[in-house]
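I set out to record what can be looked up in this structure, going from the whole chain down to single residues.

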Amino acid sequence: MPKTKTTPDFILIAATLGLLIIGMIMVYSASAVWADFKFDDSFFFLKRQLFFAGLGLVAMVFLMHIDYWAWRSWAKILMFVCFGLLILVLIPGVGLVRGGAQSWLGVGAFSIQPSEFMKMAMIVFLAKYLSEKQKYVTTWKKGLFPTLGLAMVAFALIMLQPDLGTGMVMILTCVVMLFIAGARISHFAVIGMLGVAGLVGLILSAPYRLKRIVSFLDPWQDPLGSGFQIIQSLYAIGPGGLLGLGMGESRQKYFYLPEPQTDFIFAILAEELGFIGGTFVLMLFAVLLWRGLRIALHAPDLFGTFLATGIIGMIAIQVMINVGVVTGLMPVTGITLPLLSYGGSSLTLMLSAIGVLLSVSRYAKA
């Protein structure tokens, strides 16, 4: 392990702060009307987002200065703690129910979502496991079964909440890490078929998921029900045109698009800032992903490579799913847009993860 520390990746920091600032502006713009109506305070959501952003930035700076390989010794402990929290949140009277999902622990607005932190714990654990046992990744017994088996147990606990979106992000991130580690394509084909079969089973087992698939194929079959969100999202994006309606001038945030500050914040951004504004945000994400991939490629050891790959894979998957849902290219899932959407656990976790990524960048070989 190299002893010489370099400065962190400032381009990555700049892209992160740029997205965070845009996110703060858009959280206020998207939520002010709803917050004023529900809480008699147009700054209600912004103040909470600022609190968690401050908490996340402190965590990012702190973790940036922690030697990233110290996480190896904490990997198992993190997994045990997160599994404990996932079980705790399912206990009636302990876990908080919001939007039909029992996914939160805490009091009132200040609560955490354990499934968000499980994503990071899984990345750390897999980075440790794969860096130590990469030679077994082409085998079922010592390679894929232990890793995917653990991920599927976590996925099952998350689905009991239920939270399909977060579970999918975690599983897909694990698949990315296994692919980078050198798992066989034939194994992925088998896993893919089993995954599709399992996904079909999950969809058929819950009528609301089946409705989301039907509404994705033709939202106009139920424009006031399952197709409502995607229709209103497209109504926001369409009028935005090239330059947008102007900051704060969104029409869809006036009680048309439900909870516009969370999963569908990109729709409000496209409506107010247009194609150019949306493209600029996606370019910032592209810069963030580019720097993350560069850090992974130049990490001094396999643990650093897998750790950086997992973090950047998680971010990329969330961006693709969220933007895909908002633009009607994917069925509706509850996935936030990293660094932009309102949400304390999501924002704090994402900034913390970027702090770990910056720690790896300080030891990069080039």
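The entries below begin with the chain as a whole and then turn to one helix and to selected residues.

**Entry 1: the chain as a whole**

I noted at the outset that the model is predicted. I then looked up the secondary structure and found 12 helices and 3 strands in the chain.

I next checked the dimensions. Along the principal axes, the C-alpha atoms occupy a box of roughly 55 × 45 × 40 Å.

How much of the chain is buried? I recorded that buried residues account for 53% of the 366 residues.

For the charges, I found 24 positive and 16 negative ones, with mean positions 17 Å apart.

**Entry 2: helix 5**

I examined helix 5, which covers residues 140-159. Its 20 residues would span 28 Å in a straight helix at 1.5 Å a residue, but the end C-alpha atoms are only 25 Å apart. I also looked up burial in helix 5 and found several buried residues, among them Gly 143, Leu 144, Thr 147, Leu 148 and Phe 155. Ala 151, Ala 154 and Met 159 are also buried there.

Leu 50 belongs to helix 2, residues 44-64. Its relative accessibility is 46%, so Leu 50 counts as partly exposed. I also took its separation from Ser 29, which lies 21 residues away along the chain: the two C-alpha atoms are 14 Å apart.

Asn 322 is part of helix 11, residues 302-326. Is Asn 322 buried or exposed? With a relative accessibility of 2%, and the cut-off for buried being under 20%, Asn 322 counts as buried. Setting aside neighbours within four places in sequence, I found Asn 322 in contact with Asp 263, Phe 266, Ile 335, Thr 336 and Leu 337.

**Entry 3: positive phi angles**

I looked for backbone angles worth a note, since most residues other than glycine have a negative phi. Asp 40 has a phi near 60°, a positive value in a residue that is not glycine. Asp 40 sits in the loop between helix 1 (10-39) and helix 2, and it counts as exposed because its relative accessibility is 66%.

Phe 255, also not a glycine, has a positive phi of about 70°. I placed Phe 255 in the loop that runs between helix 9 (228-240) and helix 10 (265-298). Phe 255 counts as partly exposed, at 46% relative accessibility.

**Entry 4: Leu 242**

I returned to the loop between helix 9 and helix 10, where Leu 242 is also found. Its relative accessible area is 53%, so Leu 242 is exposed.

Which residues does Leu 242 touch, not counting those up to four places away in sequence? I listed Leu 273, Gly 274, Phe 275 and Ile 276. For Leu 273, 31 residues from Leu 242 along the chain, I recorded a C-alpha separation of 8.0 Å. Leu 242 is thus logged as an exposed residue that has contacts with Leu 273 and Ile 276, among others.

Technical notes:
Residues are numbered from 1 along each chain as its sequence is written. This is a predicted model: local features need pLDDT of at least 70, side-chain atom pairs count only at pLDDT 80 or more; totals for chains, interfaces and linings use all residues. Side-chain values use heavy atoms; hydrogens and water are left out. Helices (H or I, at least four residues) and strands (E, at least two) are DSSP runs, numbered from the N terminus. Buried means under 20% relative accessible area, exposed over 50%, partly exposed in between (1.4 Å probe, protein chains only). Lys and Arg count as positive and Asp and Glu as negative; His and the chain ends are not counted. The place of a charge is taken as NZ of Lys, CZ of Arg, CG of Asp or CD of Glu. The expected span of a helix is 1.5 Å times one less than its number of residues. Contact means heavy atoms within 4.5 Å.
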